[in-house]
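Take a walk through the side-chain interactions of this model.

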Amino acid sequence: MPRVSVTRTYLRLKSHAQLSARPLPPGLVVRHVPSCPVPLYRAMYAEVGGPWHWLDRNAWPDDMLAAQLAKPDVRILRLEQHDACLGYAELERHSDGGVEIVYFGLVPDAVGLGIGKGFLTAVVDEAFAMGALQVWLHTCTLDHPNARRSYEARGFVPYLQETYETEIPD
């Protein structure tokens with residue numbers, strides 16, 4: 001596997017008022033997936049994250065992933081149109097009052113349709129509804145080329161950057 005240098009950028013919204021909101025397009029709905037089953041989570045993770053080399057959760061055994069998904073401070077959201085999954089997000093509330101958008105993305109067929117703006121708005125709204133004092137996430141140079149720009153367009157502000165080396169599959 002080739003080694004690549006990756007830059008990870010952390011971004012945050014310090015208040016809900018900082019969000020440059022966009023409505024969810026008609027016909028789309030964001031659903032909370034309570035007690036998300038591990039197979040469903042793995043399917044969403046693979047479909048959404050596969051093109052961007054999301055690998056971390058693949059290494060987790062099912063019992064470890066099930067424990068993560070069962071935490072009261074974790075929420076899984078699914079973007080749907082006619083029950084078809086167009087994207088998903090994982091939120092986690094931390095002890096400092098921040099809510100992290102751990103994962104966020106669209107299935108490949110939904111990328112570029114302009115629906116990510118409304119989905120991100122809905123996810124941020126949910127994070128603040130969870131009691132967030134701030135909402136944060138990170139993106140990296142392996143993600144979609146427009147990911148960081150999209151987060152910043154919604155009002156997220158970069159606050160930390162780091163570079164690391166990793167191996168990615170061919």
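Contact here means heavy atoms within 4.5 Å. By that criterion Asp143 touches Trp52 and Trp54, leaving aside residues up to four places away in sequence. The model is predicted, so local features need pLDDT of at least 70 and side-chain atom pairs pLDDT 80 or more, while totals for chains, interfaces and linings use all residues. Residues are numbered from 1 along each chain as its sequence is written, and side-chain values use heavy atoms, without hydrogens and water.

Asp143 sits in the loop between strand E6 (134-140) and helix H4 (147-153). Helices (H or I, at least four residues) and strands (E, at least two) are DSSP runs, numbered from the N terminus. Asp143 is buried yet has no salt bridge. Buried means under 20% relative accessible area, exposed over 50%, partly exposed in between (1.4 Å probe, protein chains only). A salt bridge puts a side-chain nitrogen of Lys or Arg within 4 Å of a carboxyl oxygen of Asp or Glu. For Asp143, the nearest side chain of opposite charge is Arg8, 8.2 Å away. Lys and Arg count as positive, Asp and Glu as negative; His and the chain ends are not counted.

Arg8 does have a partner. Glu162 forms a salt bridge with Arg8, with the closest N and O atoms 2.5 Å apart. This pair links strand E7 (Glu162) to strand E1 (Arg8), 154 residues apart. The structure holds ten salt bridges. Another joins Glu80 and Arg31 at 2.6 Å, N to O. Glu80 is in strand E3 (residues 74-81) and Arg31 in strand E2 (residues 29-32), so the bridge ties together parts 49 residues apart in sequence. Glu80 counts as buried because its relative accessibility is 7%. Arg31, at 39%, counts as partly exposed.

Now the rings. Rings of Phe, Tyr and Trp (its six-membered ring) pair if their centres lie within 6.5 Å; planes under 30 degrees apart are stacked, over 60 edge-to-face, the rest tilted. There are eleven aromatic pairs. Tyr10 and Tyr159 are tilted, at 6.2 Å centre to centre and 55° between planes. They link strand E1 (residues 3-13) with strand E7 (residues 157-167). Tyr10 is buried at 14% relative accessibility. The rings of Tyr41 and Tyr45 are 6.1 Å apart with planes at 20°, so they are stacked. Ring pairs link Tyr41, Tyr45, Trp54, Tyr88 and Tyr103 into a cluster.
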